[in-house]
Amino acid sequence: MMTQDQCSHRNNVSEKPQLYKVGIYGWRKRCLYFFVLLLMILILINLALTIWILKVMNFTIDGMGNLRITEKGLKLEGDSEFLQPLYAKEIHSRPGRPLFLQSSRNLSVNVVGTNNQLLTQLVTGSSGFKAQGKLFEVKSTSGKLLFSADEQEVVVGADRLRVMGAEGAVFTKSVETPHVRAEPFKELRLESPTRSLLMEAPKGVQILAEAGDIQAICRNELRLESKDGEISLDARRIRLMRLPEGKASSSSVSSGSRQTVYEVCVCPNGRLFLSQAGTGSTCQISNNICL
(Lines give C-alpha, C1' and ligand atoms only; values in the text may rest on other atoms or scores of the structure.)
Protein backbone atom coordinates (compact mmCIF):
# COMPACT_ATOMS: atom_id res chain seq x y z
CA MET A 1 0.00 0.00 0.00
CA MET A 2 1.22 3.52 -0.88
CA THR A 3 1.26 6.07 1.68
CA GLN A 4 -0.50 9.38 1.18
CA ASP A 5 2.75 11.22 0.56
CA GLN A 6 3.73 8.86 -2.21
CA CYS A 7 0.39 9.31 -3.95
CA SER A 8 0.58 13.04 -3.90
CA HIS A 9 4.13 12.97 -5.27
CA ARG A 10 3.03 10.74 -8.16
CA ASN A 11 0.19 13.02 -9.07
CA ASN A 12 2.50 16.01 -9.18
CA VAL A 13 4.91 14.20 -11.50
CA SER A 14 2.17 13.10 -13.93
CA GLU A 15 0.64 16.60 -14.37
CA LYS A 16 2.67 18.57 -17.09
CA PRO A 17 2.06 22.29 -18.03
CA GLN A 18 0.09 22.94 -21.35
CA LEU A 19 1.68 25.42 -23.95
CA TYR A 20 -0.48 27.54 -26.43
CA LYS A 21 1.11 28.85 -29.74
CA VAL A 22 0.48 32.57 -30.47
CA GLY A 23 0.79 33.95 -34.13
CA ILE A 24 0.00 33.06 -37.75
CA TYR A 25 1.34 29.80 -39.03
CA GLY A 26 0.94 27.70 -42.07
CA TRP A 27 -0.67 29.01 -45.25
CA ARG A 28 -1.87 32.19 -43.54
CA LYS A 29 1.72 33.17 -42.81
CA ARG A 30 2.79 32.53 -46.38
CA CYS A 31 -0.14 34.62 -47.74
CA LEU A 32 0.79 37.50 -45.43
CA TYR A 33 4.39 37.48 -46.59
CA PHE A 34 3.21 37.35 -50.21
CA PHE A 35 0.97 40.43 -49.79
CA VAL A 36 3.70 42.34 -47.99
CA LEU A 37 6.13 41.52 -50.80
CA LEU A 38 3.55 42.52 -53.43
CA LEU A 39 2.92 45.82 -51.64
CA MET A 40 6.65 46.57 -51.53
CA ILE A 41 6.92 45.85 -55.26
CA LEU A 42 4.00 48.21 -55.98
CA ILE A 43 5.58 50.91 -53.84
CA LEU A 44 8.84 50.57 -55.71
CA ILE A 45 7.07 50.69 -59.08
CA ASN A 46 5.08 53.76 -58.00
CA LEU A 47 8.22 55.45 -56.76
CA ALA A 48 10.04 54.65 -60.01
CA LEU A 49 7.13 56.02 -62.12
CA THR A 50 7.03 59.17 -60.00
CA ILE A 51 10.76 59.74 -60.46
CA TRP A 52 10.40 59.09 -64.21
CA ILE A 53 7.54 61.58 -64.53
CA LEU A 54 9.49 64.19 -62.60
CA LYS A 55 12.47 63.59 -64.87
CA VAL A 56 10.50 63.70 -68.12
CA MET A 57 8.39 66.74 -67.15
CA ASN A 58 11.48 68.44 -65.80
CA PHE A 59 9.96 69.34 -62.47
CA THR A 60 12.13 71.69 -60.47
CA ILE A 61 11.72 74.06 -57.57
CA ASP A 62 11.16 76.97 -60.01
CA GLY A 63 8.54 75.27 -62.19
CA MET A 64 7.85 72.53 -64.70
CA GLY A 65 9.56 72.07 -68.07
CA ASN A 66 9.66 75.33 -70.01
CA LEU A 67 7.33 76.90 -67.45
CA ARG A 68 9.01 78.90 -64.72
CA ILE A 69 7.33 80.59 -61.80
CA THR A 70 8.86 83.96 -61.02
CA GLU A 71 7.96 86.91 -58.83
CA LYS A 72 6.42 88.76 -61.79
CA GLY A 73 4.35 85.81 -63.05
CA LEU A 74 4.88 82.84 -65.35
CA LYS A 75 7.78 82.52 -67.78
CA LEU A 76 7.64 80.22 -70.82
CA GLU A 77 10.73 79.26 -72.77
CA GLY A 78 10.54 77.70 -76.23
CA ASP A 79 7.37 76.75 -78.11
CA SER A 80 4.11 76.51 -76.14
CA GLU A 81 0.71 75.23 -77.24
CA PHE A 82 -2.57 76.34 -75.65
CA LEU A 83 -5.61 74.13 -76.20
CA GLN A 84 -7.98 76.44 -74.32
CA PRO A 85 -8.37 80.24 -74.18
CA LEU A 86 -5.51 82.14 -72.57
CA TYR A 87 -6.31 84.89 -70.08
CA ALA A 88 -3.43 87.18 -69.19
CA LYS A 89 -2.84 90.76 -68.20
CA GLU A 90 0.41 91.16 -70.11
CA ILE A 91 2.32 89.04 -72.63
CA HIS A 92 5.84 89.99 -73.73
CA SER A 93 8.92 88.23 -75.06
CA ARG A 94 12.37 88.00 -73.59
CA PRO A 95 14.55 91.11 -73.92
CA GLY A 96 15.97 91.23 -77.42
CA ARG A 97 13.86 88.31 -78.70
CA PRO A 98 10.76 88.45 -80.96
CA LEU A 99 7.30 87.31 -79.91
CA PHE A 100 5.84 84.76 -82.32
CA LEU A 101 2.13 83.80 -82.26
CA GLN A 102 0.90 81.01 -84.52
CA SER A 103 -2.50 79.38 -85.04
CA SER A 104 -3.71 76.77 -87.52
CA ARG A 105 -7.00 78.65 -88.10
CA ASN A 106 -7.16 82.18 -86.79
CA LEU A 107 -5.84 84.34 -83.99
CA SER A 108 -8.35 86.52 -82.12
CA VAL A 109 -7.72 89.23 -79.55
CA ASN A 110 -10.88 90.43 -77.81
CA VAL A 111 -11.49 93.21 -75.29
CA VAL A 112 -14.79 92.89 -73.40
CA GLY A 113 -16.53 95.17 -70.94
CA THR A 114 -18.04 94.59 -67.54
CA ASN A 115 -21.19 93.00 -68.99
CA ASN A 116 -19.15 90.68 -71.24
CA GLN A 117 -19.86 93.05 -74.12
CA LEU A 118 -17.37 93.02 -76.98
CA LEU A 119 -15.61 96.39 -77.21
CA THR A 120 -12.63 95.76 -79.49
CA GLN A 121 -11.74 92.75 -81.61
CA LEU A 122 -8.69 91.88 -83.66
CA VAL A 123 -8.90 88.78 -85.87
CA THR A 124 -6.24 87.43 -88.22
CA GLY A 125 -7.12 84.35 -90.28
CA SER A 126 -6.94 82.74 -93.68
CA SER A 127 -9.53 85.17 -95.06
CA GLY A 128 -7.60 88.27 -94.01
CA PHE A 129 -7.09 90.77 -91.22
CA LYS A 130 -10.10 92.26 -89.43
CA ALA A 131 -10.29 94.93 -86.76
CA GLN A 132 -13.44 96.05 -85.01
CA GLY A 133 -13.66 99.01 -82.68
CA LYS A 134 -14.64 102.64 -82.32
CA LEU A 135 -11.25 103.99 -83.41
CA PHE A 136 -8.26 102.62 -85.33
CA GLU A 137 -4.95 104.50 -85.22
CA VAL A 138 -1.46 103.92 -86.57
CA LYS A 139 1.37 106.02 -85.13
CA SER A 140 5.09 106.25 -85.76
CA THR A 141 7.78 105.64 -83.18
CA SER A 142 7.89 109.35 -82.44
CA GLY A 143 4.15 109.44 -81.74
CA LYS A 144 3.11 111.11 -85.00
CA LEU A 145 -0.29 110.08 -86.31
CA LEU A 146 0.05 108.21 -89.61
CA PHE A 147 -3.45 106.81 -90.08
CA SER A 148 -6.71 107.16 -88.19
CA ALA A 149 -10.20 105.86 -88.96
CA ASP A 150 -13.54 106.11 -87.17
CA GLU A 151 -17.20 106.42 -88.11
CA GLN A 152 -16.84 110.09 -89.02
CA GLU A 153 -13.63 110.33 -91.06
CA VAL A 154 -10.41 108.71 -92.20
CA VAL A 155 -7.24 110.73 -91.61
CA VAL A 156 -3.91 110.13 -93.33
CA GLY A 157 -1.24 111.96 -91.38
CA ALA A 158 1.77 110.96 -93.51
CA ASP A 159 3.55 113.57 -95.58
CA ARG A 160 2.71 111.74 -98.81
CA LEU A 161 -0.07 109.35 -99.84
CA ARG A 162 1.04 107.07 -102.67
CA VAL A 163 -1.38 104.92 -104.71
CA MET A 164 0.46 102.13 -106.54
CA GLY A 165 -2.50 100.48 -108.31
CA ALA A 166 -2.74 100.53 -112.10
CA GLU A 167 -6.30 101.91 -111.93
CA GLY A 168 -5.37 104.62 -109.44
CA ALA A 169 -7.71 105.66 -106.65
CA VAL A 170 -11.52 105.57 -106.92
CA PHE A 171 -13.64 107.91 -104.76
CA THR A 172 -17.42 107.61 -104.66
CA LYS A 173 -17.80 110.95 -102.88
CA SER A 174 -15.94 114.25 -102.90
CA VAL A 175 -12.23 114.57 -102.10
CA GLU A 176 -10.79 117.53 -100.21
CA THR A 177 -7.04 118.09 -100.50
CA PRO A 178 -4.72 121.08 -100.84
CA HIS A 179 -2.40 119.44 -103.37
CA VAL A 180 -2.66 116.72 -106.02
CA ARG A 181 0.65 115.80 -107.67
CA ALA A 182 2.00 112.90 -109.69
CA GLU A 183 5.36 111.28 -109.11
CA PRO A 184 8.37 112.62 -111.01
CA PHE A 185 8.32 111.61 -114.69
CA LYS A 186 4.77 110.22 -114.27
CA GLU A 187 1.48 111.48 -115.66
CA LEU A 188 -1.35 112.83 -113.52
CA ARG A 189 -4.79 111.93 -114.81
CA LEU A 190 -8.13 112.98 -113.32
CA GLU A 191 -10.99 111.05 -114.89
CA SER A 192 -14.70 110.48 -114.36
CA PRO A 193 -15.76 107.71 -116.79
CA THR A 194 -19.56 108.07 -116.45
CA ARG A 195 -20.15 111.32 -114.53
CA SER A 196 -18.83 114.86 -114.36
CA LEU A 197 -15.57 116.03 -112.79
CA LEU A 198 -15.74 119.17 -110.69
CA MET A 199 -12.78 121.04 -109.24
CA GLU A 200 -13.76 123.85 -106.90
CA ALA A 201 -11.87 126.19 -104.56
CA PRO A 202 -12.88 129.54 -103.05
CA LYS A 203 -9.52 131.18 -103.81
CA GLY A 204 -8.78 129.61 -107.17
CA VAL A 205 -7.68 126.41 -108.86
CA GLN A 206 -4.17 126.26 -110.31
CA ILE A 207 -3.12 123.65 -112.88
CA LEU A 208 0.61 123.65 -113.50
CA ALA A 209 2.84 121.50 -115.72
CA GLU A 210 6.40 122.74 -115.47
CA ALA A 211 7.98 120.32 -117.95
CA GLY A 212 5.10 118.96 -120.00
CA ASP A 213 1.71 119.52 -121.57
CA ILE A 214 -1.78 119.90 -120.15
CA GLN A 215 -4.59 118.22 -122.05
CA ALA A 216 -8.32 118.65 -121.51
CA ILE A 217 -10.33 116.25 -123.69
CA CYS A 218 -14.11 115.90 -123.70
CA ARG A 219 -16.73 114.35 -125.96
CA ASN A 220 -19.24 117.20 -126.12
CA GLU A 221 -18.43 120.72 -124.92
CA LEU A 222 -15.50 122.27 -123.06
CA ARG A 223 -16.58 125.46 -121.33
CA LEU A 224 -14.36 128.09 -119.73
CA GLU A 225 -16.48 130.49 -117.72
CA SER A 226 -15.56 133.40 -115.47
CA LYS A 227 -18.44 135.09 -113.71
CA ASP A 228 -16.76 138.24 -112.43
CA GLY A 229 -13.29 138.23 -114.00
CA GLU A 230 -11.72 137.44 -117.32
CA ILE A 231 -10.14 134.50 -119.15
CA SER A 232 -6.57 135.15 -120.25
CA LEU A 233 -4.61 133.09 -122.76
CA ASP A 234 -0.97 134.03 -122.32
CA ALA A 235 1.39 132.26 -124.70
CA ARG A 236 3.81 132.99 -127.51
CA ARG A 237 1.66 131.00 -129.89
CA ILE A 238 -2.06 130.26 -129.70
CA ARG A 239 -3.50 127.70 -132.11
CA LEU A 240 -7.21 127.20 -132.68
CA MET A 241 -7.57 123.97 -134.60
CA ARG A 242 -10.49 122.87 -136.82
CA LEU A 243 -12.32 126.20 -136.84
CA PRO A 244 -15.02 126.36 -139.50
CA GLU A 245 -14.35 128.56 -142.48
CA GLY A 246 -16.91 131.03 -143.62
CA LYS A 247 -17.83 131.00 -147.29
CA ALA A 248 -17.99 134.34 -149.02
CA SER A 249 -20.31 134.98 -151.96
CA SER A 250 -18.95 134.36 -155.48
CA SER A 251 -19.18 138.05 -156.34
CA SER A 252 -16.99 139.08 -153.45
CA VAL A 253 -14.26 136.49 -154.07
CA SER A 254 -11.27 138.12 -155.71
CA SER A 255 -9.33 136.26 -158.35
CA GLY A 256 -5.72 135.42 -157.78
CA SER A 257 -3.63 132.93 -155.89
CA ARG A 258 -5.00 130.68 -153.18
CA GLN A 259 -5.68 132.51 -149.93
CA THR A 260 -3.47 131.47 -147.00
CA VAL A 261 -4.22 134.27 -144.55
CA TYR A 262 -7.44 134.32 -142.54
CA GLU A 263 -8.95 136.43 -139.83
CA VAL A 264 -10.79 135.11 -136.77
CA CYS A 265 -14.37 136.27 -136.51
CA VAL A 266 -16.81 136.03 -133.63
CA CYS A 267 -20.53 135.50 -133.99
CA PRO A 268 -23.01 137.19 -131.63
CA ASN A 269 -23.50 133.86 -129.88
CA GLY A 270 -19.73 133.62 -129.23
CA ARG A 271 -18.92 131.12 -131.96
CA LEU A 272 -15.56 131.53 -133.75
CA PHE A 273 -14.96 130.99 -137.42
CA LEU A 274 -12.37 131.84 -140.07
CA SER A 275 -12.77 134.25 -142.92
CA GLN A 276 -10.42 135.01 -145.77
CA ALA A 277 -8.44 138.12 -145.01
CA GLY A 278 -8.66 141.07 -147.31
CA THR A 279 -7.85 144.72 -147.39
CA GLY A 280 -10.64 145.17 -144.90
CA SER A 281 -12.62 142.95 -142.58
CA THR A 282 -14.44 140.14 -144.32
CA CYS A 283 -16.37 138.82 -141.32
CA GLN A 284 -19.62 140.37 -142.52
CA ILE A 285 -19.20 138.78 -145.93
CA SER A 286 -18.61 135.27 -144.50
CA ASN A 287 -21.08 135.36 -141.64
CA ASN A 288 -23.11 132.42 -142.92
CA ILE A 289 -21.61 130.31 -140.09
CA CYS A 290 -23.53 132.39 -137.55
CA LEU A 291 -26.93 131.55 -139.09
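Select residues 31-54 to begin: an unreviewed UniProt entry lists them under "transmembrane region", an annotation that may be inferred rather than shown by experiment, with positions in the numbering used here. Across residues 31-54 of this predicted model the chain is 100% helix and 0% strand, and 34 Å separates the end C-alpha atoms. Helices (H or I, at least four residues) and strands (E, at least two) are DSSP runs numbered from the N terminus.

Residues are numbered from 1 along each chain as its sequence is written. Because the model is predicted, local features need pLDDT of at least 70 and side-chain atom pairs count only at pLDDT 80 or more, while totals for chains, interfaces and linings use all residues; side-chain values use heavy atoms, without hydrogens or water.

Next, display K144 and D159, whose side chains form a salt bridge at 3.0 Å, N to O. The pair connects distant parts of the chain, 15 residues apart: K144 lies in the loop between β7 (136-139) and β8 (145-149), and D159 in the loop between β9 (154-156) and β10 (262-266). A salt bridge requires a side-chain nitrogen of Lys or Arg within 4 Å of a carboxyl oxygen of Asp or Glu. K144 is partly exposed at 37% relative accessible area, whereas D159 is exposed at 74%; buried means under 20%, exposed over 50% and partly exposed in between (1.4 Å probe, protein chains only).

The structure holds two salt bridges. For the other, select E137 and K139, with closest N and O atoms 3.8 Å apart; E137 is partly exposed at 39%.

Finally, select C265, C267, F273, C283 and I289, the five residues of the largest nonpolar core, meaning buried Ala, Val, Leu, Ile, Met, Phe, Trp, Tyr and Cys residues joined through side-chain atoms within 4.5 Å. Beyond neighbours within four places in sequence, C283 contacts E263, V264, C265, F273 and S275 (heavy atoms within 4.5 Å).
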